[in-house]
Amino acid sequence: MAKVLRIDASSRLQESHSRQMADVFQEKWLKANPKDEFTVRDLVKEPIPHIENMTIAGFYTPEDKLDDPMKKATALSDRLIKELISADVILLSTPMYNFSVPSALKAYIDQIVRIGQTFGFEESKGFFGLVEGKKAYIVTACGAVYKGPYEAYNFLAPYLTAVLGLIGISDIDYIDLEGTSLDPAAFEASKKVAMEKIDKITSS
Ligand SMILES: Cc1cc2nc3c(=O)[nH]c(=O)nc-3n(C[C@H](O)[C@H](O)[C@H](O)COP(=O)(O)O)c2cc1C
């Protein structure tokens with residue numbers, strides 16, 4: 001039995017393409033793996049607060065030196081990291097907002113990318129990830145089309161690959177929906193590819 005952590009980030013609770021595709025993924029995954037368990041972290045229904053001064057102080061203070069305000073300020077980060085580490089598979093659905101991740105997702109990332117907990121640094125080897133053995137599936141939805149001349153404007157997937165790679169999640173498959181608001185033909189084509197990809201993933 002695998003534990004799947006599903007993270008949703010679209011501000012649209014209805015008619016969200018990324019959420020709908022993640023629903024399809026979840027349904028097909030559970031059909032193929034009925035014993036697997038999904039935990040849903042909805043970053044819009046339950047927004048994650050931004051890190052604050054005390055959170056940062058707590059992040060950089062050794063555990064045995066944390067005072068009560070620091071413990072309080074880092075408690076959510078502790079919980080989110082525990083949830084992430086206990087998952088075997090991550091299913092993240094996210095739109096592109098202003099060429100990158102929505103701020104709801106960025107707030108979550110700022111809570112889980114944490115020195116000594118999800119990544120380390122040593123003079124001799126540089127940065128290394130501490131979140132090991134995860135498989136990640138990322139559903140993205142963009143209003144325009146970036147596979148082509150505008151690729152340089154797409155900071156969404158490159159950013160997620162970099163930041164998740166930093167914490168050790170580097171086995172990532174993207175399921176991309178493009179042209180959701182600007183190019184119906186590209187949208188239909190990307191949707192078809194996405195469905196085929198999900199079928200392949202859930203039948204293997
Ligand atoms: C605030 C905001 C910013 C957006 N910025 C971009 C953008 O930079 N590039 C783009 O291609 N689409 C952009 N879009 C369009 C969304 O990426 C597109 O509608 C996508 O389908 C949203 O995901 P969802 O359907 O899961 O809600 C933006 C939409 C919103 C609401």
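Close-up 1. An oxygen atom of the ligand is 2.7 Å from a polar backbone atom of Met-96. A polar backbone atom of Phe-99 lies 2.8 Å from an oxygen atom of the ligand. With Ser-16, a side chain takes part: one of its polar atoms is 2.6 Å from a ligand oxygen atom. A polar contact is a pair of N or O atoms within 3.5 Å; within protein, one atom must be able to donate a hydrogen and the other to accept it, and residues adjacent in sequence count only if both atoms are side-chain atoms. On its own, the ligand has 620 Å² of accessible area, and the protein covers 74% of that. Accessible areas come from the Shrake-Rupley method with a 1.4 Å probe; for residues, only the protein chains shown count as cover.

The model is predicted: local features need pLDDT of at least 70, side-chain atom pairs count only at pLDDT 80 or more, and totals for chains, interfaces and linings use all residues. Residues are numbered from 1 along each chain as its sequence is written, and side-chain values use heavy atoms, with hydrogens and water left out.

**Close-up 2. The shell around the ligand.** The ligand is surrounded by 16 residues. The closest are Ser-10, Arg-12, Ser-16, Ser-18 and Thr-180. By class, the shell holds 8 nonpolar, 7 polar and 1 charged. Ala, Val, Leu, Ile, Met, Phe, Trp, Tyr, Cys and Pro count as nonpolar, Asp, Glu, Lys and Arg as charged, and the others, Gly among them, as polar.

**Close-up 3. Aromatic pairs.** The count comes to 7 aromatic pairs. Rings of Phe, Tyr and Trp (its six-membered ring) pair if their centres lie within 6.5 Å; planes under 30 degrees apart count as stacked, over 60 as edge-to-face and the rest as tilted. Phe-25 and Tyr-137 form a tilted pair, 5.0 Å centre to centre, with 45° between the planes. Phe-25 is in helix α1 (residues 17–32) and Tyr-137 in strand β6 (residues 135–141), 112 residues apart. Helices (H or I, at least four residues) and strands (E, at least two) are DSSP runs, numbered from the N terminus. Phe-25 counts as buried because its relative accessibility is 0%. Tyr-137 is buried too, at 9%. Buried means under 20% relative accessible area, exposed over 50%, partly exposed in between (1.4 Å probe, protein chains only). Ring pairs link Phe-25, Trp-29 and Tyr-137 into a cluster.

Notes. Near = heavy atom within 4 Å.
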